[in-house]
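Take a look at the model below. This report covers its nonpolar cores and aromatic residues.

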Amino acid sequence: MTSPDVHEGVRGRPPVTERRLHPVTPLRRAWAPVAVLIGWALHDPDQAQRQLARLTTTTLLLALAVLIPAAALYGFLTWWYTHFAVTESELRIRTGLLFRRTAHIRLERIQAIDVTQPLLARVAGVAKLRLDVIGTDKKDELAFLGADEARALRAELLARAAGFAPETAHEVGEAPSREMLRVPPGVLAVSLVLTGATWGWLLVAAVVVPLLWMATHSLWTVLAAAVPLLGAAGASSVGRFVAEYDWTLGESPDGLRIDHGLLDRAHETVPPGRVQTVRLVEPLLWRRRGWVRVELDVAGSSNSLLLPVAPREIAESVVARVLPGVSVPPREAIGRPPRRARWCVPVWWRGYGLAVTDAVFAARHGLLRRSLSLVPHAKVQSVRLVQGPWQRARGVADVHVDTGANKSVTARLRDADEAADLLRAQAERSRTGRGDARPDRWMA
């Protein structure tokens with residue numbers, strides 16, 4: 001449990017109760033000095049090997065006798081000097097042993113709070129709280145809290161962000177959730193086997209490794225090339241399976257909730273109103289099964305995956321939940337570029353397409369790995385027309401729409417006159433769309 005420290009209130013305000021993290025936290029932070037030594041050894045392995053060779057058994061034992069208590073003391077002190085408190089308007093986090101840092105996180109700026117439990121944290125019964133805050137690229141976090149305390153604090157912060165009074169926010173509890181979809185492990189495994197990235201890395205390894213052996217006859221050279229290639233193949237298959245295992249999507253008043261992970265469990269929330277772009281991705285080998293992957297661009301958040309694999313009809317129904325009033329344009333409604341565009345991008349020009357409805361700007365690209373990006377008109381921040389000299393000669397142009405997630409979606413190789421009309425019309429759609437948009441608030 002965390003230990004509270006009560007500080008005087010200001011001008012009649014209630015006192016602020018500061019709390020510490022879970023007592024297991026020093027064990028996690030004690031690794032920092034050890035990690036510095038390991039980093040130095042990896043940076044200059046020859047020097048590290050020479051230094052180790054000079055050490056006698058007595059010297060090594062003395063070094064360990066100093067290092068282990070020093071690491072433990074560092075972990076304890078960093079934990080002791082870390083406090084957090086929830087006030088009427090902000091979450092305050094004070095950290096720092098030598099150099100003090102105080103983060104003041106305005107509650108109305110919080111847009112997502114994720115609860116994650118790495119494997120060892122699950123064994124210890126603790127969890128990490130990660131906060132997505134509007135206007136910041138790096139997530140603030142509280143690591144670690146008791147698992148129950150982390151969920152209670154998350155519920156209290158979301159309740160306050162939604163406008164509940166401070167004296168009642170801690171009683172509101174976590175909003176109820178209704179399960180929408182659970183991805184079966186078998187379906188996830190088959191989808192990863194049918195993903196081209198895994199086979200691509202294995203094919204590269206099958207070609208590169210024999211060539212290196214014939215050229216060098218050096219086992220170390222072969223291993224230096226083979227290990228990263230096999231690691232990339234494993235990360236794109238086994239690693240993704242472990243991370244996306246038991247993927248569960250639920251719906252609640254504070255957004256769509258995502259739970260996943262075989263070893264490390266994560267509890268994430270897709271904040272309402274902050275989704276800028278939704279992508280439906282169809283790898284080539286998935287199409288006969290009618291499967292798609294749904295990815296996201298969320299303003300100020302690193303959450304980028306909504307569904308690892310799902311039938312297209314179910315994915316489209318989920319998209320309608322994420323983007324109210326938006327429906328995925330049918331394939332026949334997506335227009336290809338004019339045939340003269342083939343002189344700009346041979347063969348691959350057939351993978352580009354565009355559809356504009358009353359609610360969304362939809363651009364498609366890709367032949368083998370087809371991707372359809374959907375941008376609601378209200379989320380478009382700016383529109384640009386780009387036309388290079390070769391495109392100008394062929395009478396085509398690209399139209400870019402920029403979103404609040406610092407990303408762009410591009411309609412490639414459109415007819416030049418169509419692109420000019422689209423530029424003017426999209427600016428008007430975006431202006432009227434923002435006027436009709438729902439507020440970007442929790443439980444709004």
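The text starts with the basis of the model, then turns to cores and rings.

This is a predicted model: local features need pLDDT of at least 70, side-chain atom pairs count only at pLDDT 80 or more, and totals for chains, interfaces and linings use all residues. Residues are numbered from 1 along each chain as its sequence is written, and side-chain values use heavy atoms, leaving out hydrogens and water.

**Cores**

A nonpolar core is a set of buried Ala, Val, Leu, Ile, Met, Phe, Trp, Tyr and Cys residues joined through side-chain atoms within 4.5 Å. Buried means under 20% relative accessible area, exposed over 50%, partly exposed in between (1.4 Å probe, protein chains only). The largest core has 36 residues; Val278, Leu306 and Val322 touch the most other members. Domain 2 (176–269) and domain 3 (271–436) both contribute residues, so this core lies between them. Those domain bounds come from an automatic or database domain assignment. A second, separate core holds 22 residues, including Phe84, Ile113, Leu145 and Leu158.

**Aromatic residues**

The whole structure has 5 aromatic pairs (ring centres within 6.5 Å, using the six-membered ring of Trp; planes under 30 degrees apart are stacked, over 60 edge-to-face, the rest tilted). Trp286 and Trp291 have ring centres 6.3 Å apart and planes at 80°, so they pair edge-to-face.

| Residue | Relative accessibility | Class |
|---|---|---|
| Trp286 | 1% | buried |
| Trp291 | 10% | buried |
| Tyr245 | 26% | partly exposed |

Phe76, Trp79 and Trp80 form one aromatic cluster. Arg20 lies over the face of Trp80, at 3.6 Å from the ring centre. Such a charge has NZ of Lys or CZ of Arg within 6 Å of the ring centre and within 35 degrees of the ring normal.
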